[in-house]
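Welcome! Please take a moment to look over the structure below before reading on. The report that follows takes you through it step by step.

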Amino acid sequence: MSEMKKIKNLKEFSTSADRFEGANLLCPGCAHSIIVREILNATNDPLILSASTGCLEVCTAVYPYTSWDASWIHIGFENSSTAIAGAEAMYKTLKRKDRLPESCKGKSPKFVAFGGDGATYDIGFQWISGCFERGHDMMYVCLDNEVYANTGGQRSSATPIGASTTTSPAGRVSYGEKMNKKDMVQIMAAHGSPYVAQVAPNKWKDMIKKIQKGFATEGPVYINAMSACTTEWKFAPDDTIAVSDLAVDSLVFPLYEIENGTKLTITYRPKNKIPVRDYLGAQGRFKHLFKPEYEYLIDEWQKRVDDYWEYLQRREEAGV
Amino acid sequence: MAEKMELNEMEVWDGNMAASQALRQAQVDVVAAYPITPSTPIVQNYGSFLANGYIDGEFVMVESEHAAMSGCVGAAAAGGRVATATSSQGFALMAEVLYQASGMRLPIVLTVVNRALAAPLNVNGDHSDMYLGRDSGWIQLDAFNSQQAYDLTLMAFRIGEDHNVRLPVMVHQDGFITSHTAENVRPLSDDEAYEFVGDYKPMNAMLDLAKPVTYGVQTEEDWHFEHKARQHADLMTKVFGKVEEVFDAFAEKTGRKYNIVEEYLMDDAEVAIVALGTTVETAEMVAKMMREEGIKAGVVAPRLFRPWPYEQIKKALSKVKAVACLDRSSPNGALGALYNEVTASLYQSDNHPVITNYIYGLGGRDFTIDHAKEIFKELDANAKEGRPTTPLQQFVGLRGPKLSFY
């Protein structure tokens, strides 16, 4: 049976047996690999994994190689959720019929699906919704880098307003993306999921706690993981953690969790809240916003972040 | 443990019930499905079996056909017996994942109740969905009535799950004409049926924790071709023998003998109709009638549509003088698929009959005895003249001006 893995410090954590190998083709400084390792290392239980088409998939399973030392499946762009739900259904049947492979008997494998924000917010949205409504015992992790990074940086419905992407470029008469980011965390909570959380790899203790809580939860768990993208957010590869710190300390990515669809808890309160402007200024994708004619967008953004933080705090206080 | 169902020696089942009973008896581990006319009753019947204790596998009612096949792929890769059902638009929505299932060599069984493809929207039977699947890398078996839908569904598991084959299998039946027509069906008992299908023997199961596997890799110009070629080669070389072996084993058990290509009155036939689905039975009836009028008529029906039985078709048509290929799908800018396959099969043969193409029955339009008689008469004229006496492609039973090409 499963038992919670004890993680005392970062060194102990980072030297856990790797089921996700460093031998992969992800960009230097890509947060995906940090997130995936943090999730896989959070448990000693066996893992059955899936991934949607995207950066993680194309960089980790190029025949005849694989970076995965755990069973892993990729079908298409939209269905990593349903692929792992199918595997979970098979596990339940074989357990009931006492036909599990010998190596799996008495074990509690965890079923985890990964997808980028394009695969999650856009093309795979229906599949995820279906899996959560049906209550499969699985974890869905969105590697949210707010863009279709694998195909060259097109906008998704996770792309924030004002970002310049290859399909919402900033130009002579445009400030880039026009739409606000879809609030996927709240949408998944509204499914009545027993556990939904937003995490960031730089806040690893907070993240591990949430992942372990997710693994201990029966039913569909949604994790929205901020994944700073050196290539498309346009910052130096060695600044991934620094940019991630700006994201959580400016509260652009607030860290919180929602249990059973309603009980909201803020899990990280920055000691020194920094201006959104500092977060935006660290990334090339927002460079154009600092022209005088677009400065108002930065002010609007600050207000949006402040309002949302206020909203989260009120919900936490009210316990709803 | 699922309860056994007591069945009569003779049941009155429609094609949908026949297919659902076969799925139940095969003790499928995971069915992930989504309802669509006219295959909905397969899913409903299965749900009812489950509700009454006759199923101990998982039944996952997903939110679309794409998800149905996605769940099936995940479940099959995990390592167990998997099946589902669909038709038409649902089949089209699944199309992406059909290729994934065969490419990953997962022996899923898909019962397809054939139906037209929109637009315009139509719920009735034709073979548009069946033809859509023909390049997807699945084995395609075709049932002409309810008994066959039952028999072939049982056999499909044994064919696809063989470790030498490892390919998914579709079992087709005609929408409404088969799926909703109650007929006499002689089932096997639950024990006999399961014994025939056999236990599922996992291979490369994701749940074998001692041997982790990676499914669904990326290959580009370096390896993609080799993977596809291997899959094609296995379809071309490993399926026919296995199908024959399973057909023989089934005949031994039930006395019902199936053939890769079914032949009716072909020993001395001079003219032949080649068709699929329920039309085969109509054509057979009419072939017999034509004999009374002095036309040596016969019928050839591919039981296996993919892989295409090139040699068997060549042999079945080795003596005829005129052939009509009946396609129940709009070719949309070409000659019919059956016409093209049959013509290609005969081009390298010593026999070069006159071959013509009839498009018929789209969207459930009736194909009548008179239609079949007319075709046989035209074939007779072609045989006598040694050349086509009609246009190469004609439309049967279409209102308005006669439509024909070439």
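## Chain B at a glance

Among contacts in chain B between residues at least 6 apart in sequence, what percentage join residues at least 24 apart? The figure is 79%. Please keep in mind that this is a predicted model.

Chain B is built with twelve helices and 17 strands. Its radius of gyration is 21 Å, close to the 22 Å that the globule rule gives for 406 residues, so chain B is as compact as a globular protein of that length. Taken along the principal axes, the box filled by the C-alpha atoms of chain B is roughly 70 × 55 × 45 Å. As for burial, 57% of the 406 residues of chain B count as buried.

## Where the two chains meet

Let's turn to the place where the chains touch. Here 42 residues of chain A are in contact with 40 residues of chain B. On the chain B side, at least two residues each come from strand S2 (30-33), strand S3 (58-61), helix H3 (65-78), helix H4 (88-103) and strand S9 (214-215). H3(B) gives the largest share of that side, with nine residues. By residue type, the side of chain B that touches chain A has 22 nonpolar, twelve polar and six charged residues.

Now follow one sheet across the two chains. This open sheet has nine strands, in the order S10(A)-S9(A)-S7(A)-S8(A)-S4(A)-S3(A)-S1(A)-S2(A)-S9(B), and its pairing is mixed. S10 (263-266) of chain A and S9 of chain B stand at the edges; each has a single partner strand, so one side of each is left without a neighbour in the sheet.

Tyr256(A) has Ile266(A) in S10(A) as its bridge partner.

## Helices across the strands

Which chain A helices lie across strands of this sheet? One is helix H4 (residues 80-96) of chain A, which lies across S1 (47-51), S2, S3 (110-116) and S4 (139-144) of chain A and runs at about 170 degrees to S3(A).

Another is helix H8 (residues 204-216) of chain A. H8(A) lies across S3, S4, S7 (195-199), S8 (221-226) and S9 of chain A, and runs at about 160 degrees to S7(A).

Technical notes:
Residues are numbered from 1 along each chain as its sequence is written. Chains are lettered from A and ligands numbered from 1 in the order in which they are written. This is a predicted model: local features need pLDDT of at least 70, side-chain atom pairs count only at pLDDT 80 or more; totals for chains, interfaces and linings use all residues. Two residues are in contact if their C-beta atoms, placed from the backbone, lie within 7 Å. Helices (H or I, at least four residues) and strands (E, at least two) are DSSP runs, numbered from the N terminus. Ala, Val, Leu, Ile, Met, Phe, Trp, Tyr, Cys and Pro count as nonpolar, Asp, Glu, Lys and Arg as charged, and the others, Gly among them, as polar. Two strands pair if DSSP finds at least two bridges between them. Axes are lines fitted to C-alpha atoms, for helices over the stretch in contact, and angles run from 0 to 180 degrees between N-to-C directions. The radius of gyration is taken over C-alpha atoms; the globule rule is 2.2 Å times the number of residues to the power 0.38. A residue is buried if 20 or more other C-beta atoms lie within 10 Å of its own, exposed if 12 or fewer, and partly exposed in between; C-beta atoms are placed from the backbone.
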